[in-house]
Amino acid sequence: MEHITLLLAIVVVTALVFDFTNGFHDTANAMATTISTGALKPKTAVAMSAVLNLVGAFLSVEVAKTISGGIIDEKGIRTEVIFAALVGAILWNLLTWLLGLPSSSSHALFGGLIGAAVMSAGWSSVNGSTVVTKVLLPAVAAPIVAGIAAMLATRLTYRLNRNTDEKATAKGYRAGQIASAGLVSLAHGTNDAQKTMGIITLALVTGGVLHPGANPPLWVIVSAGLAIAMGTYLGGWRIIRTMGKGLTELRPPQGFAAQTGAATVILASSHIGFSLSTTQVCSGSVMGAGIGRKGGVVRWSTASRMAVAWVLTLPAAGLVGAGAEFLTKQGTWGIVAVAILLVAGSGTIWKLSRRQPVDHHNVTADEIGEAPAAEPAGVVTTAIAAVTPPPTAAAAAAIDLKATIQAPAPATPADPPTPAPLLQG
Amino acid sequence: MHIDWAALGSVFGVSLVVTVGLVGLFTLGIVGLTKHEAAASGTGNVALARTGAYVCFAACAAAVAYGIYLIVA
């Protein structure tokens, strides 16, 4: 702990911020369908997901030994490269959140890493065939596998319950859906919080604070778990809305089939060793469940916007990562500049998001912001959204986001920030 | 380039079978309980439907427990 430099401190904080965006970006995976079918109230759903994410973070001690799983050559990777990669991943996560598009946080991180590594050490540091097998192929396979499973399950459940009253069975389906969503949250906490712990540990090892092969210190585990849980609790309402309402209208049997399919695919893929992105699995299963019901409609325009975002994730995060690495290469002022740009960029995106806020009040409303006279419910929700001061959680997080990044910036290398402030981020 | 088609195939197969199986079981359980309510008004075998439903739910609970085991392990 005694030799944490300014750079290392910035990287640790940035990794926690990434963890945080990862949390609120991926709340939708577990909870979008649960919220849209009314199985849980929005706030209850995100709270449950946050707790399970936190528990998940502590469940497994198998911390990811590599950040990228072999996509880039991590030998001799410099701390600046990790920082630049994180900046790319965070900005892409925030931008897709602003647009309400679910996209894979892991792929954003891979993209950032690839961009930063190429800028730092040239194309030879990227393992092209691993990119195909770990990113491109899963991106195509995940929605297909999850979609077909959820579609068939939806068909089956509608066939079996065709003689029963939909109202009588809804309660049961909702209960089942909560269980599946809980499993997804738990798995997410285990996988993604481990990833951040891996990044911080690797940064500490590259910075010479930890011995290679050392286990992550307790404060790393605790802060990574808290960051992802807080992000989850904040709730990426825009993405929840897209997944729960935008893609298709889900009824309780469909929500149950979709969520069970997603949980099964995620567990099967991580157990068998062909890892698939949680986000892409969940989007696929929602669409599958949409197709599976007779008369169900999938909004392909939303689905194709989402697909475009998936395709762009890697190159876009890569470009930002490369740009960030170009600046950090210039020396200390470059690192500070990147940190300031990250804060400014995040702040701008957050400001833009306030123009048409989506939060737990209107996450399942039919219209947001527009058509005020169309229906009374719309007026009420719009009014609430307009009158309510920015939801405290969101505001606090935004301030938090700025504070956590800016705080260490003025510090000098001789003045190592204690881990205590990190716990808040 | 090595693509592990076998792993992808088994993910696909396992996911399909388990998802459809679980959703089917759970639906049978729900339908069984609903029948039980309907049966209370006079028709059908109450005990059988109810027992069947509980067996289905128990199987689903076991699947969830196995899922948690997979996450922890």
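## Overall architecture

Chain A contains 15 helices and zero strands. The model described here is predicted. Of the 425 residues in chain A, 60% count as buried. Among contacts between residues at least 6 apart in sequence, 85% join residues at least 24 apart.

## Packing of helix 6 and helix 7

Two packed helices are described by the angle between their axes and the distance between the axes. For helix 6 and helix 7 (residues 218-234) of chain A, the angle is about 135 degrees and the axes lie 9 Å apart. These two helices are therefore oblique to each other, and helix 6 passes helix 7 in a right-handed crossing.

The helix 6 side of this contact includes A:His188, A:Asp192, A:Ala193 and A:Leu204. On the helix 7 side, the residues that are met are A:Trp219, A:Val220, A:Ile221, A:Ala224 and A:Ile228. By class, the contact between helix 6 and helix 7 has nine nonpolar, three polar and one charged residues.

## Packing of helix 10 and helix 11

Helix 10 and helix 11 of chain A pack at an angle of about 160 degrees, with their axes 12 Å apart. An angle over 145 degrees counts as roughly antiparallel, and helix 10 and helix 11 are therefore roughly antiparallel to each other. Helix 10 passes helix 11 in a left-handed crossing.

In this contact, A:Gln280, A:Ser283, A:Met287 and A:Ile291 of helix 10 meet A:Trp300, A:Ala303, A:Met306 and A:Trp310 of helix 11. By class, the contact of helix 10 with helix 11 has six nonpolar, two polar and no charged residues.

Side chains of opposite charge can pair when their charged atoms come close. The structure holds five salt bridges over all chains. One of them joins A:Asp192 and A:Lys195, with the closest N and O atoms 3.5 Å apart.

Where in the chain does the pair A:Asp192 and A:Lys195 lie? Both residues belong to helix 6 (residues 166-206), three residues apart, which is about one turn of the helix. A:Asp192 counts as buried, at 5% relative accessibility. A:Lys195 is buried as well, with a relative accessible area of 19%, because buried means under 20%.

Is A:Glu325 buried or exposed? A:Glu325 is buried, with a relative accessible area of 0%, whereas A:Arg78 is partly exposed, at 34%. A:Arg78, A:Glu80 and A:Glu325 are linked in a network of salt bridges.

The side chains of A:Glu249 and A:Arg299 meet in a further salt bridge, at 3.5 Å from N to O. Here too the pair links distant parts of the chain, 50 residues apart. A:Glu249 is in the loop between helix 8 (237-246) and helix 9 (252-272), and A:Arg299 is in the loop between helix 10 (278-292) and helix 11. A:Glu249 counts as partly exposed, at 36% relative accessibility, and A:Arg299 counts as partly exposed, at 34%.

Notes
Residues numbered from 1 in each chain as written. Chains lettered and ligands numbered in written order. Predicted model: local features only at pLDDT ≥ 70, side-chain atom pairs only at ≥ 80, totals over all residues. Heavy atoms only, no water. Salt bridge = Lys/Arg side-chain N within 4 Å of Asp/Glu carboxyl O. Buried < 20%, exposed > 50% of the residue type's maximum accessible area, 1.4 Å probe, protein only. Helix = DSSP H or I, 4+ residues; strand = E, 2+ residues; numbered from the N terminus. Axes fitted to C-alpha atoms, helices over the stretch in contact; angles between N-to-C directions. Parallel < 35°, antiparallel > 145°, perpendicular 65-115°, else oblique. Left-handed = near helix turned anticlockwise from the far one by under 90°. Contact = heavy atoms within 4.5 Å. Nonpolar A, V, L, I, M, F, W, Y, C, P; charged D, E, K, R; others polar.
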